[in-house]
Structures are given as structure tokens and as C-alpha cells.
Amino acid sequence: MSPRSTFVWVSCVLIAFTTTYHPIYAAAADPAPAMETGIVLDRLSDEELRQWRSIEYLVDASAPNGAERYPTLRGLWQSTSQSGNAIYIELSSPDCADWEVAGRFLIERVDPQAARHIGVIRLCLANIDRCAPRGVGRRANGFVRLAGLRKGERYAEVLGHELAHAADAFASPERARMVQERVATVTAQFVKHRAKHGSEPLDPALQQRLEERDALVEELEAHADSIELLVWRELARRRAKID
């Protein structure tokens, strides 16, 4: 990837699901206070909360024998909920003005004391609704995102992608800090350089850091894509049985 405009972390997009980055904001200097952990819904309006409950219903869905209908999605949910960190859900954001964006995961704050990092998952429901019924963006393995799914199932698939990012980033305090430093810090350095020096050639050391950042971002996105495929398979298999 070229570093000339790569400012933000990779995640789901709609138009061919082409690569884009999402900002990971700088860590705060003070320790995080003792507050809620797990999936936090405080940022949702009443209407958004009703929309969210329909997605949550799929996460919790069980077969008559008690087995989980979507074990990959449930496992991601449990992993992030029990990580000791806070992940806020947002269903409205300026990000969604970009019709290509389906969802985003951001590290909003890294706690220097490693007590409670804060992340955000943003789902752009209206953008997901705009996808063609046959899905978007055929992958090399034949997987077509959102194909064969109804509205709530599509939301659940995108949620699975973003939960995969969250579970990966919050796998350990060190992991979250490393991602923060190698993505957000380097991006800030790049933006500062461009603001000061315009299109002048980059310092070799900064160029190297940008290449390392882009390699990490590709790794993060490949992982989230592989987990999303598992979520889609479970959702599509269930949809095929119903239809």
C-alpha cells in the first residue's frame, strides 16, 4: 500500500469492499477510571437501541436443543465482553456519510495502566442496506460479502468483522498498545510531516515506519476477513435452511 494517503485503520467498506483505513486516536495520559466494561450501549438513542436489539437477538440465537446458532459470532461477543475493556457501540457517526463505509472499529483510548482500554464499533446500517441483494465484493476464495442474507443478518456479519478487530486488538494490554503505537503514532508523524513539508520526499526512517504500519494493517484486515467468512457461512447456512 502507498503511504501517501493511508491515515486510518482497515475495516469493512461497501463499494467492492476496497481497502481503507480508520483512525486510532492517541492514548490519554491519565489512567482510565473504574467504569463499565464489555459491550457498552450508552451512546445509542432509544431508536438506535431498538435497532441494536435486533442484531443482539441474532448473537444470542439458539437452536431448540440449546446449541448456539452462530457460534463464531457468539464467541467473538463473549471474547470482547469478557476482555476487561470497554467497547462502545455507535449506529450514527459522521463516518457513515461515506457510503462506502459499512463498519469501523477504533481504539479510542489506550489506558497507560492497562486497566481498561476503550474501543468503538460503528455500524453504518443504512449503508449496509444499500448493498445489492447478491452481496458485494467477490473474494479470491469465492466468498461474496453479505450475499444471501437479510437485513439483520447483514448487520450481524459486519458486526462480526468489527468484533474480530476488537478481539484481536484487545487480546492483551501489550497488543493494544503495540497496535496503537505502530498505527496511530506513525500516522500522526506522517500527517505532521506532510503539513510541514508538503510533498517533499519522506525521511527514510519515517518511510520504513509507514511500511511497517501498512504491513500490520494488512495483517489485521486479513484476520478480520477470515473470521467474517466464518460468520457469513453460519448465517448463510441458517438462511438456506429457512428458505
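How many helices and strands does the protein have? Six helices and six strands turn up here, where helices are DSSP runs of H or I with at least four residues, strands are DSSP runs of E with at least two, and both are numbered from the N terminus. This is a predicted model, so local features need pLDDT of at least 70, side-chain atom pairs count only at pLDDT 80 or more, and totals for chains, interfaces and linings use all residues. Residues are numbered from 1 along each chain as its sequence is written, and side-chain values use heavy atoms, with hydrogens and water left out.

View 1. The elements run β-α-α-β-β-β-α-β-β-α-α-α. Of the 243 residues, 50% count as buried; buried means under 20% relative accessible area, exposed over 50%, and partly exposed in between, with a 1.4 Å probe and protein chains only. The accessible surface comes to about 11600 Å², and carbon and sulfur atoms own 52% of that (Shrake-Rupley method, 1.4 Å probe; for residues, only the protein chains shown count as cover). Take the contacts between residues at least 6 apart in sequence: 71% of them join residues at least 24 apart, a contact being heavy atoms within 4.5 Å.

View 2. Two strands count as paired if DSSP finds at least two bridges between them. As background, strands of a sheet pair through backbone hydrogen bonds, either parallel or antiparallel.

**View 3. The parallel part of the sheet.** Strand 1 and strand 2 (residues 86-90) pair in the parallel sense over three bridges. Here Ile39 stands opposite Ile87 in strand 2. Strand 2 also pairs with strand 4, again in the parallel sense, over five bridges. Look for Ile89, whose bridge partner in strand 4 is Ile121.

View 4. Why is strand 4 (residues 118-123) largely enclosed by the rest of the structure? Six of its six residues are buried, so there you have it. Ile118, Val120 and Arg122 point one way, Gly119, Ile121 and Leu123 point the other way, and all are buried. In general, side chains in a regular strand alternate between the two faces of the sheet. Strand 3 pairs with strand 4 in the antiparallel sense over six bridges. Two pairs to pick out are Leu106 with Val120 and Ile107 with Gly119. Strand 3 is mostly covered too, with six of its seven residues buried.

**View 5. Ile39 and the largest nonpolar core.** This core has 53 residues, and those with the most contacts inside it are Ile39, Trp52, Ile89, Ile121, Leu123, Leu159 and Leu163. A nonpolar core here is a set of buried Ala, Val, Leu, Ile, Met, Phe, Trp, Tyr and Cys residues joined through side-chain atoms within 4.5 Å. Helix 6 (residues 204-242) gives the most to this core, with ten residues. Not counting residues up to four places away in sequence, Ile39 touches Trp52, Trp77, Thr80, Ser81, Ile87, Ile89 and Leu163.

**View 6. Asn127 and the backbone of Val101.** Asn127 belongs to helix 3 (residues 125-129). At 2% relative accessibility, Asn127 counts as buried. Its side chain reaches the backbone oxygen of Val101 at 2.8 Å.

**View 7. Arg239 in helix 6.** You'll find Arg239 in helix 6. With a relative accessible area of 9%, Arg239 is buried. Leaving aside residues up to four places away in sequence, Arg239 touches Gly148, Arg150 and Glu153. Arg150 is 89 residues from Arg239 along the chain, with their C-alpha atoms separated by 8.3 Å.

**View 8. Leu146 in a loop.** Leu146 is found between strand 6 (144-145) and helix 4 (151-169). Its phi is near 70 degrees, a positive value in a residue other than glycine. Is Leu146 buried or exposed? Leu146 counts as buried, because its relative accessibility is 0%.

Conventions
Polar contact = N/O pair within 3.5 Å; in protein donor to acceptor, adjacent residues only side chain to side chain.
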